[in-house]
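I opened this entry to look up helix packing and ring contacts. My notes follow in the order I checked things.

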Amino acid sequence: MKHPIVIVGAGLSGLWAASLLTAEGIECKVLEARDRCGGRVLSTSVHNRPELGNFDLGPTWFWPQFESRITNLVKELNIDTFEQYAKGTILAERDQNVRPERMILPENAGGESVRIKGGVQTLIDSVTSTIPDEVVELETQVTAIRYDEKGAITIEADGADGQPRTLSASAVILALPPRIVAKQIEFSPSLPPNVINNLVSKPTWMAGQAKAIAIYDRPFWREAGLSGFATSWAGPLQEIHDASPETGSGALFGFFGMPAITRRQFGKDRVLAQVKDQLVRLFGPSAQEVETILYKDWSQDSLTAVEEDLDPLREFPIYGLPPEAEMWENKIVFAGTEADSQHGGGHLEGALLAAEKAVLRAKDITSRSV
């Protein structure tokens with residue numbers, strides 16, 4: 001009996017791998033520990049005010065001029081997009097007690113970034129719709145992967161009901177952050193030390209970060225000729241962007257300069273109070289009229305971050321595939337954005353490319369085992 005290719009993780013990379021396999025009539029199964037699909041993609045709305053729109057607490061945009069795979073996929077799936085708002089003055093704050101500097105961002109300074117209407121969750125939902133419902137199992141956390149002397153692969157997992165279950169596979173695609181693989185899944189036989197060290201050395205993109213999104217009835221800063229883009233050495237946010245939908249409400253989102261340990265010590269309420277104070281300093285009294293501030297601290301998400309991710313990144317990590325584990329005879333394949341060496345580091349493009357390469361390798365594995 002031929003067993004399915006099992007994909008661990010229902011983020012964009014895992015879902016795209018399942019979609020590709022399904023399109024070729026190859027049986028697969030996706031196991032996801034969360035109660036939702038998307039992984040680090042997380043689009044949410046304001047409680048009791050969904051008309052304000054959906055906002056991304058994970059990845060937000062992509063760059064069509066540099067990232068052809070996601071650009072083409074969005075077109076294939078008939079997903080609507082719009083350009084990131086970037087008109088007007090940018091602000092640079094060096095000290096809380098000094099008015100921020102105003103500068104004009106050169107046209108096309110960083111290339112035009114594009115956002116997805118309804119948030120990146122729209123892309124997740126569209127890819128998921130190409131996969132049969134029974135393929136994806138949520139709230140199923142993989143705890144062990146075993147490979148015996150007869151060449152059989154057995155996956156052990158804790159199911160949604162809390163009961164352990166086992167599943168046989170012809171090959172396994174690990175579409176998870178590398179550190180999560182190394183820290184949370186037992187392998188028998190054990191992965192070689194050089195593979196484990198490689199996985200642990202790759203920081204999970206966004207794992208040490210947090211994102212705050214302040215929601216307003218309208219993008220009032222545009223009326224003052226501001227782009228919504230700001231940088232700050234004073235914090236707590238170090239980089240702020242306009243996160244407004246194409247029409248209607250307004251939103252400003254920011255990445256934190258405040259380390260994960262400090263955020264944990266301060267607690268959510270104190271952190272968000274400082275965020276609001278900073279937005280008022282930068283954008284004026286109208287920033288006080290916030291509808292709500294959405295907040296996601298990825299460092300406190302146990303399915304994203306491990307203890308090592310609490311240390312702030314001091315340089316851009318080197319991503320790509322780990323060394324091959326010869327004793328596993330290539331029965332396991334790595335996907336996920338950190339598995340792509342060119343676009344790794346949280347880019348949706350990298351997640352898609354890594355999935356496509358993983359599918360090719362998994363198909364080769366299964367064809368040789370028939």
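I looked up what covers the buried residues of helix H3 in this predicted model. The cover includes helix H1 (12-23) and helix H2 (68-76). It also includes strand E3 (43-46), strand E4 (49-56) and strand E9 (114-116).

I then listed the residues of H3 that need this cover. H3 spans residues 121-128, and Gln121, Leu123, Ile124, Ser126 and Val127 are buried there. I kept the helix geometry in mind: an α-helix has 3.6 residues a turn, so residues three or four places apart point the same way.

Next I turned to the rings. How many aromatic pairs does the structure hold? I found 10.

I took Tyr147 and Trp328 to start. Their ring centres are 5.5 Å apart and the planes sit at 20°; with under 30 degrees counting as stacked, I therefore logged the pair as stacked. Tyr147 belongs to strand E11 (residues 141-147), while Trp328 is in the loop between strand E20 (292-297) and strand E21 (332-334). The pair therefore ties together parts that are 181 residues apart in sequence. I noted both Tyr147 and Trp328 as buried.

I went on to Phe253 and Phe255. Their ring centres lie 5.2 Å apart with planes at 90°, so I logged this pair as edge-to-face. Both Phe253 and Phe255 are buried.

Last, I checked charges over rings. Arg270 lies over the face of Phe266, 3.6 Å from the ring centre. Lys296 has its charged end over the ring of Trp298, at 4.8 Å from the centre.

Conventions: Residues are numbered from 1 along each chain as its sequence is written. This is a predicted model: local features need pLDDT of at least 70, side-chain atom pairs count only at pLDDT 80 or more; totals for chains, interfaces and linings use all residues. Side-chain values use heavy atoms; hydrogens and water are left out. Buried means under 20% relative accessible area, exposed over 50%, partly exposed in between (1.4 Å probe, protein chains only). Helices (H or I, at least four residues) and strands (E, at least two) are DSSP runs, numbered from the N terminus. Contact means heavy atoms within 4.5 Å. Rings of Phe, Tyr and Trp (its six-membered ring) pair if their centres lie within 6.5 Å; planes under 30 degrees apart count as stacked, over 60 as edge-to-face and the rest as tilted. A charge sits over a ring if NZ of Lys or CZ of Arg is within 6 Å of the ring centre and within 35 degrees of the ring normal.
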